[in-house]
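Hi,

Here is the model I promised to pass on.

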Amino acid sequence: MPGVISVENLDPGLNCESPVLIELLRFWEHARGKRPMPSRADMDPLKLGPVLLPHILLIDVEHEPEVRFRWRLIGTHITTVLNRDMTGAYWDEIYGGKSLATMQLRADWVLQHRRPLRATGHATSRGRDFETLEALHLPLSDDGAKINMIIAASVYTLLNSTDIAAREAA
């Protein structure tokens with residue numbers, strides 16, 4: 001089973017700290033215009049540029065027979081940090097327990113509220129100690145009503161040894 005992700009904070013206020021997430025939010029807002037959300041066609045990955053693209057995730061949302069999520073695209077920043085590429089895989093086939101619940105919590109929130117969500121937390125992965133995580137999830141809709149995709153970005157930062165010691169002592 002892949003690493004463990006724990007979300008410590010869901011932030012609907014979108015108080016992004018990472019310049020990468022701030023830029024993606026700006027791009028998404030520009031693409032949507034006056035609509036509630038843009039379509040996938042409005043979010044051309046080539047226009048995202050070399051700074052954003054390595055952090056991008058595209059998540060397919062299937063609604064029938066039940067809601068299910070699948071990785072359509074996983075950027076190189078993420079595959080490098082996590083030391084794996086799960087492009088094309090369904091979440092329920094590769095995650096379990098707390099990791100699956102955490103990821104579904106974010107995606108379900110976006111589906112329910114039909115707007116972006118920022119999340120922060122920690123992650124562990126094979127060969128890596130604790131990492132901080134800041135992520136942004138933004139809805140996409142081809143018909144303007146049903147969310148059929150989520151574009152997201154994640155920024156992982158390795159903790160230094162002082163941070164790891166303080167967390168372990170807590």
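Which exposed residues does the face of helix 2 turned away from its buried side carry? They are Leu46 and Pro50. Here exposed means over 50% relative accessible area, buried means under 20%, and partly exposed is in between, with a 1.4 Å probe and protein chains only. Helices (H or I, at least four residues) and strands (E, at least two) are DSSP runs, numbered from the N terminus.

Some housekeeping before the rest. This is a predicted model, so local features need pLDDT of at least 70 and side-chain atom pairs count only at pLDDT 80 or more, while totals for chains, interfaces and linings use all residues. Residues are numbered from 1 along each chain as its sequence is written, and side-chain values use heavy atoms, with hydrogens and water left out.

Back to helix 2, which covers residues 45–52. Leu48, Gly49 and Leu52 are buried there. Seen down the helix axis, the buried residues fall within an arc of 120°, so they line one face of helix 2; the arc is taken from the directions from the helix axis to the C-beta atoms. An α-helix has 3.6 residues a turn, so residues three or four places apart point the same way. The buried residues of helix 2 pack against helix 1, strand 2 and strand 6, where contact means heavy atoms within 4.5 Å.

Strand 2 (residues 56–62) is mostly covered, with six of its seven residues buried. Strand 2 has two antiparallel pairings to look at: five bridges with strand 6 (residues 149–158), and six bridges with strand 3 (residues 68–74). Pairing needs at least two DSSP bridges between the strands. On the strand 6 side, isoleucine 59 stands opposite isoleucine 150. On the strand 3 side, valine 61 has phenylalanine 69 as its bridge partner, and five residues sit between strand 2 and strand 3 in the hairpin they form.

Strand 6 also holds tyrosine 156, which is buried with a relative accessible area of 10%. The C-alpha atoms of tyrosine 156 and histidine 55 are 9.1 Å apart, although the two residues are separated by 101 residues along the chain.

Now the charges. There are nine salt bridges in the structure, each being a side-chain nitrogen of Lys or Arg within 4 Å of a carboxyl oxygen of Asp or Glu. Take aspartate 11 and arginine 118, whose closest N and O atoms are 2.9 Å apart. Aspartate 11 is in strand 1 (residues 5–11) and arginine 118 in strand 4 (residues 117–125), so this pair ties together parts 107 residues apart in sequence. Both aspartate 11 and arginine 118 are buried.

Arginine 118 also forms a salt bridge with glutamate 17, at 3.9 Å between the closest N and O atoms. Glutamate 17 lies in the loop between strand 1 and helix 1 (19–32), so its pairing with arginine 118 in strand 4 links parts 101 residues apart in sequence. Arginine 118 counts as buried because its relative accessibility is 5%, whereas glutamate 17, at 63%, counts as exposed.

Another salt bridge joins arginine 68 and glutamate 93, with the closest N and O atoms 3.1 Å apart. Arginine 68 is in strand 3 and glutamate 93 in helix 4 (residues 91–94), so that pair ties together parts 25 residues apart in sequence. Salt bridges that share partners also join Asp11, Glu17, Arg118 and Glu134 into one network.

Cheers
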